[in-house]
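Please view the sequence and the structure first, and then read the points below by topic.

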Amino acid sequence: MTRRRSNSNPNATRVRDSVAAALIDQQERHTMKIAVINFSGNVGKSTVAQHLLAPRLDNAAIIPIESINSDGTEAGTLRGSQFDELQDQLMTLENAVVDIGASNVEDFVGLMQSYDGSHKDFDLFIVPTVPAAKQQVDTIATLRALSELGVSASKIRVVLNMVDPKQDIARIFAKLFDFHARTSTFWLDRHAVIYQNPIFEKIKGFDKSIAEIKDDPRDYVALNAQALDTGAPENEKAYIRQMVALKRLASRVTTDLDAVFKVMVP
Ligand SMILES: Nc1ncnc2c1ncn2[C@@H]1O[C@H](COP(=O)(O)OP(=O)(O)O)[C@@H](O)[C@H]1O
Ligand SMILES: [Mg+2]
């Protein structure tokens with residue numbers, strides 16, 4: 001008789017349900033601050049920040065760390081004051097993706113060293129890499145630097161980018177898989193892979209996100225037929241054809257990126 005009392009107490013039930021809801025909410029909403037980092041340029045840091053991470057976090061701000069002054073000139077070094085500002089900004093945000101431009105990574109790591117424990121502002125360090133040999137060497141240096149800062153292995157996660165689907169992942173990333181087998185100071189999974197995909201280039205000319213293109217309700221195949229019938233001008237027809245291709249690419253890449261996010265972001 002007394003066994004069931006706490007369960008039937010409406011207040012206790014309400015508290016229990018709201019705690020459960022909060023836990024589920026936390027898991028599903030992914031409140032996270034993520035740094036995207038690599039000593040190498042052109043590995044897809046900005047692409048990963050923009051198209052993989054930010055769209056899958058609630059209201060995530062993308063904070064680019066670039067040593068470019070507001071007047072467009074190269075500022076050279078990342079100043080301590082900028083790092084202070086970033087730490088300050090991170091404390092006001094629930095979700096953020098910090099995209100650390102290659103020219104600033106060394107300064108950034110140095111500053112994380114000076115401010116003891118500042119790496120703890122981040123829940124995850126995502127390190128994109130590509131098959132080219134030089135980039136893999138730089139990636140290994142990046143992984144070493146993070147680990148030396150005291151970041152735990154499960155918080156350092158590699159995403160294998162610009163992969164040719166015809167190639168064997170373990171072979172093209174052999175340097176990285178070897179390093180992982182020797183050290184285990186980071187997380188590496190062959191399913192965390194983004195294949196070469198023309199959408200990332202094509203989308204640059206549009207001021208729309210992948211999701212907006214995918215969810216565009218217009219039926220461009222039907223519009224194309226109409227345009228042919230009515231003899232629409234060539235530039236209009238070309239735009240329609242481009243949108244047919246983009247929507248198809250956007251739909252497919254969204255499914256792929258959803259799967260990568262699920263594997264990579266705990
Ligand atoms: N998976 C991919 N497939 C095709 N092109 C890609 C892919 N990832 C990135 N790119 C392209 O490679 C270039 C470098 O990517 P970017 O994100 O700017 O790198 P980073 O920020 O590391 O310098 C960009 O032109 C981008 O569009
Ligand atoms: Mg970039």
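Helix α6, residues 133-148, has 16 residues and reaches 23 Å from its first C-alpha to its last, close to the 22 Å expected at 1.5 Å a residue. The model is predicted, and the protein chain averages a pLDDT of 89.

**Helix α6**
- The buried residues of α6 are Q135, Q136, D138, T139, I140, T142, L143 and L146.
- Just after α6, G150 adopts a positive phi of about 105 degrees.

**Helix α5**
- In helix α5, residues 105-114, the buried residues are V105, F108 and M112.
- Seen down the axis of α5, these buried residues fall within an arc of 60 degrees, so they line one face of the helix.
- An α-helix has 3.6 residues a turn, so residues three or four places apart point the same way.
- Strands β2 (61-65) and β3 (96-100) are among the elements that cover the buried residues of α5.

**Surroundings of ligand 1**
- Ligand 1 is surrounded by 14 residues, of which the closest are G44, K45, S46, T47 and F200.
- At least two residues of this shell come from each of α3 (45-53), β5 and α9 (199-202).
- The element that gives the most to the shell is α3, with 3 residues.
- By class, the shell holds 8 polar, 4 nonpolar and 2 charged residues.

- N42, in the loop between β1 (33-36) and α3, has a phi near 60 degrees, a positive value in a residue other than glycine.
- N42 counts as partly exposed because 15 other C-beta atoms lie within 10 Å, whereas a buried residue has 20 or more.
- M162, which lies in strand β5, has a phi near 55 degrees, a positive value in a residue other than glycine.
- M162 is buried because 20 other C-beta atoms lie within 10 Å.

**Confidence of the model**
- A pLDDT of at least 70 is reached by 85% of the residues.
- Over residues 1-7 the pLDDT stays under 50, and for these residues the model has 2 contacts beyond four places in sequence.

How values were computed
Residues are numbered from 1 along each chain as its sequence is written. Chains are lettered from A and ligands numbered from 1 in the order in which they are written. This is a predicted model: local features need pLDDT of at least 70, side-chain atom pairs count only at pLDDT 80 or more; totals for chains, interfaces and linings use all residues. Helices (H or I, at least four residues) and strands (E, at least two) are DSSP runs, numbered from the N terminus. The expected span of a helix is 1.5 Å times one less than its number of residues. A residue is buried if 20 or more other C-beta atoms lie within 10 Å of its own, exposed if 12 or fewer, and partly exposed in between; C-beta atoms are placed from the backbone. A residue is near a molecule or strand if its C-beta atom, placed from the backbone, lies within 6 Å of it. Ala, Val, Leu, Ile, Met, Phe, Trp, Tyr, Cys and Pro count as nonpolar, Asp, Glu, Lys and Arg as charged, and the others, Gly among them, as polar. pLDDT is the predictor's confidence in each residue, from 0 to 100. Two residues are in contact if their C-beta atoms, placed from the backbone, lie within 7 Å. The arc is that of the directions from the helix axis to the C-beta atoms.
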